[in-house]
Amino acid sequence: MALPDFLKSYRKQTSELIASSKHLDAAMSAAVGGDYLAVGKLEHALLVQHGLKPEHRVIDVGCGSGRLASRLAGQHAGEYIGIDVVPELLDFAREKCGRPDWRFYEAPGLTIPEPDDCADFVCFFSVVTHLLHDESYKYLKEAGRVLKPGGRIVFSFLEFHIPSHWAIFEGVLADDRPERVLNQFISRDAILAWAQYLELDVLGIFDGDKNHIEVDEVVWDDGRTMTGSGTLGQSVCILGKRERAR
């Protein structure tokens, strides 16, 4: 059986959400999984917790409709680059941020068309969850290339031992539509092996069902709140690029 055309699926899903929603903001939030403001706040807090400075250059692969970008827009002085596969999401993120000095563009395959050693942070939020393992490895290799020595790669992922993630897997088992969106799981031994071969350091791996992000308060769309600390729901890995020997 042939693999589904995932790129076509993402674009089709976004088009359907726009067509069926009365408000574009609602469609753009739904297109990236909802909780637009809450997730943006958590993603930003996570990066700050792991060293993000106002002057840093951030490459956000799979930026979607701009959850992180819109959170950064009013306070981040450094350069931001948002990359995604869905043009409508990029257009919304660009307009939402209102930052003409920032760049948003369509992903050219599994490459990051930026110079070597140029970024302080490269983010993949809810990206490797929708890629095949070889695709994730290629993207992480590209991230390591564009990352400055001492910089950070941050990505979220799904894993089988987290109960809430297992529920997602059960949904995958029940969904045999050819146009379904891929939900991919990664084991921690795979992450450790990838990091070894990419010559990156694993600086931390955090369970998706345990609060580990320092934040004052986050309010979810359904009214639930997180106070003091929170979690994205997906597990998170922080990789570091080694400083060059002097």
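Helix 6 covers residues 133–146 and helix 8 covers residues 188–198; they pack at about 40 degrees, with axes 11 Å apart. Those axes are lines fitted to C-alpha atoms over the stretch in contact, and angles run from 0 to 180 degrees between N-to-C directions. Helices here are DSSP runs of H or I with at least four residues, numbered from the N terminus.

A quick word on the source: this is a predicted model, where local features need pLDDT of at least 70 and side-chain atom pairs count only at 80 or more, while totals for chains, interfaces and linings use all residues. Residues are numbered from 1 along each chain as its sequence is written, and side-chain values use heavy atoms, leaving out hydrogens and water.

Back to our pair: helix 6 passes helix 8 in a right-handed crossing, meaning the near helix is turned clockwise from the far one by less than a right angle. Who makes the contact, by heavy atoms within 4.5 Å? From helix 6 come His-133, Ser-136, Tyr-137, Leu-140 and Lys-141, and from helix 8 Trp-194, Tyr-197 and Leu-198. That contact has five nonpolar, two polar and one charged residues; Asp, Glu, Lys and Arg count as charged, Ala, Val, Leu, Ile, Met, Phe, Trp, Tyr, Cys and Pro as nonpolar, and the others, Gly among them, as polar.

Next, please look at helix 2 (24–31) and helix 5 (87–97), packed at about 120 degrees with axes 11 Å apart. Helix 2 and helix 5 are oblique too, and their crossing is left-handed. Here Leu-24, Asp-25, Met-28 and Ala-31 of helix 2 meet Glu-88, Leu-89, Phe-92 and Lys-96 of helix 5. Five of these contact residues are nonpolar, none polar and three charged.

Conventions: Helices (H or I, at least four residues) and strands (E, at least two) are DSSP runs, numbered from the N terminus. Contact means heavy atoms within 4.5 Å. Angles under 35 degrees count as roughly parallel, over 145 as roughly antiparallel, 65 to 115 as roughly perpendicular and the rest as oblique.
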